[in-house]
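Hello,

Here is the structure I promised to pass on. Please open it first; my notes follow below.

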Amino acid sequence: MLTIHTEELSTQALQQYLQAAIAPRPICFASTIDLKGNVNLSPFSFFNLFSMNPPVCIFSPSRRVRDNTTKHTLDNLKEVPECVINIVNYNMVQQMSLASCEYPKDVNEFIKAGFTEAPSELVKPPRVAESPIQLECIVQEIISLGEKAGAGNLVLAEIKRIHINEAVLDENKKINPAKLDLVARLGEDWYTRVTEQSLFKVEKPNTNLGIGMDQLPAFIRNHSLLSNNEKGQLANVSAIPEQLKTNNHVSLSDEKMREIKDALRENNTTLAWKIIETSTAHQ
Ligand SMILES: Cc1cc2nc3c(=O)[nH]c(=O)nc-3n(C[C@H](O)[C@H](O)[C@H](O)COP(=O)(O)O)c2cc1C
């Protein structure tokens with residue numbers, strides 16, 4: 001194990017480790033405006049959702065590591081505390097990256113990066129028309145995390161309007177992640193893309209507590225053909241058949257094991273336990 005004492009590393013070296021480790025990060029593509037009406041558009045991956053009631057997300061335009069100056073986005077928000085957070089999908093990723101260039105303050109990155117301004121309903125900064133989801137926000141508070149180069153500034157943005165392109169919705173008006181085609185930032189120049197192939201489901205533990213790994217029958221807990229993920233799925237049921245709790249002198253054929261694994265791959269834990277129960281019943 002490499003153990004790092006954060007106070008012993010330079011900000012640049014820390015950045016490499018932490019941005020690679022705390023990833024993937026969603027991208028807040030923020031449009032802001034200053035008091036003179038200059039529009040700005042910049043991406044921030046120090047970003048997430050932190051509250052549902054009220055709905056608040058936070059992003060952080062940091063002080064530049066290079067020269068400890070502040071970003072135009074932050075300066076604008078101090079003048080006009082409103083922004084639109086535009087969600088970034090794969091089709092926009094190269095233009096979004098272009099918008100992160102350090103253009104002078106009076107340069108509008110909508111024009112530089114080739115995006116279309118769409119008027120907002122509530123706030124002054126415009127929306128990115130190409131973005132599949134646009135969040136109109138009122139900034140409630142800005143919390144400075146320090147005065148040194150690299151220090152963050154937490155922008156607490158309350159989401160007031162959500163605009164969603166119908167093309168990313170399913171028939172129940174819910175967002176379909178495969179249609180949304182999100183991108184996210186990792187360390188250095190790496191990004192990731194949410195594709196149909198990269199998506200998988202993990203069943204939520206329901207209100208009944210899962211039995212836990214410690215309560216799995218030994219012949220399951222110690223089975224070399226089941227992965228820890230599969231054992232975790234099997235341990236996430238609220239009860240198992242009584243006879244399985246005590247009967248440990250049982251075995252599962254390779255064929256049954258394949259069926260159990262198939263059921264777990266389909267997130268059908270009930271079926272997996274049924275197969276275990278029936279195939280060990282008379283042993
Ligand atoms: C995908 C991506 C994510 C970024 N995330 C951040 C971030 O979280 N905080 C930050 O200060 N800069 C971040 N940057 C760099 C800013 O976008 C860049 O400094 C930008 O020019 C700031 O523009 P402004 O001075 O017009 O506000 C990111 C850049 C990219 C491409």
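Start with helix 9, where the buried residues are Ile260, Ala263 and Leu264. Buried means 20 or more other C-beta atoms within 10 Å of the residue's own; exposed means 12 or fewer, partly exposed lies in between, and C-beta atoms are placed from the backbone. Those three cover an arc of only 100° around the axis, which puts them on the same side of helix 9. The arc is that of the directions from the helix axis to the C-beta atoms. An α-helix has 3.6 residues a turn, so residues three or four places apart point the same way.

On the other side of helix 9, Asp254, Glu255 and Arg265 are exposed. Helix 7 (228-234) and helix 10 (269-280) are among what covers the buried residues. After helix 9 comes Asn267, with a positive phi near 65°.

Two notes on the source. This is a predicted model: local features need pLDDT of at least 70, side-chain atom pairs count only at pLDDT 80 or more, and totals for chains, interfaces and linings use all residues. Residues are numbered from 1 along each chain as its sequence is written.

Now the whole chain. Its secondary structure comes to ten helices and twelve strands. These are DSSP runs numbered from the N terminus: helices are H or I, at least four residues; strands are E, at least two. Buried residues make up 24% of the 283 residues. The C-alpha trace spans about 80 × 50 × 35 Å along its principal axes.

Best wishes

Terms used. Contact = placed C-beta atoms within 7 Å.
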